[in-house]
Amino acid sequence: KKGITELTIPAKREGKFWWGGVLRLRDKKGEYKTFNFKDYYNVSNPTVVVSPEKMNVLYKGVSGGNPLSISVPGIPAKDLIVEAPGIRKSKDNLYYINVTNYRSKEAIITVKSRNADNSIKVVGRKRFRVKDIPNPMGTVRGEIDPKMALSSLKRSTIGVKFDNFDFKVDIAVNSFNLKIPGQPSILVRGNKMSRKAIQYLNKVKVDESIQITNIKVSLVGNSAYRIKRVAPVIVNIISK
């Protein structure tokens, strides 16, 4: 119709398929010219993609990288090429992207497909915001608001955790300040009580509170990354 040929091909199964043929066109002189053509098409089930834009965030400092599931309907996973700085593919066909060293506030992931003739075609790009991990909270024995015996505190480990943050972040505690009632604070290096700190704690009475502040931390494997301020811990002593 009006120089356009319409062709309908039944789609019986998913995948990539070739189609082609020959066009014979008659010119004004009545002579026929022949044109061979060949192309491919993809068959996929109807797909609905709902993407909450405000959640399109990649976080710095995530151990192993931010997990991503990437697929294109009708194109096998083995034919996908995913490109972005810091991205890698795992054995379970998930992708992980590490944006810790990104200076930009945005990451662009480009997805390409490898065709049957080995040509490469860009099928899409996705933009993500890049953000720092949230402020961690200090912990003692893994607790944010601990109540414990003084003897237990002396053996406890100082750590950090994140509230409502589902990604794994490996953080090392390098030092902290220890403050007991009526005494100036002292600096403790590492994540456990030193001999000096234990002697300092011997002055604490039952029902008194101890402050652990100025917790200095670093990202395991990347000490150059600056982690935001760590919330302090208040330890309530319930017994000796």
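Buried means under 20% relative accessible area, exposed means over 50%, and partly exposed lies in between (1.4 Å probe, protein chains only). The model is predicted: local features need pLDDT of at least 70, side-chain atom pairs count only at pLDDT 80 or more, and totals for chains, interfaces and linings use all residues. Residues are numbered from 1 along each chain as its sequence is written, and side-chain values use heavy atoms, with hydrogens and water left out.

**View 1. Glu143 and Arg141 form a salt bridge.** A salt bridge is a side-chain nitrogen of Lys or Arg within 4 Å of a carboxyl oxygen of Asp or Glu. Here the N to O distance is 2.9 Å. Glu143 is partly exposed at 28% relative accessible area, and Arg141 is partly exposed at 39%. The count by this rule is four salt bridges.

**View 2. Lys78 and Asp79 form a salt bridge.** The distance from N to O is 3.5 Å. Lys78 is exposed, at 70% relative accessibility, whereas Asp79 is buried, at 14%.

**View 3. Lys112 and Glu83 form a salt bridge.** The N to O distance is 3.1 Å. The pair links distant parts of the chain, 29 residues apart: Lys112 lies in strand S8 (residues 106–114) and Glu83 in strand S5 (residues 80–83). Strands (E, at least two residues) are DSSP runs, numbered from the N terminus. Glu83 is partly exposed, at 35% relative accessibility.

**View 4. Lys60 is buried and has no salt bridge.** Asp132 is the nearest side chain of opposite charge, 4.3 Å away; Lys and Arg count as positive, Asp and Glu as negative, and His and the chain ends are not counted. The side chain of Lys60 reaches the backbone oxygen of Tyr102 at 2.9 Å.

Key
A polar contact is a pair of N or O atoms within 3.5 Å; within protein, one must be able to donate a hydrogen and the other to accept it, and residues adjacent in sequence count only if both atoms are side-chain atoms. Helices (H or I, at least four residues) and strands (E, at least two) are DSSP runs, numbered from the N terminus.
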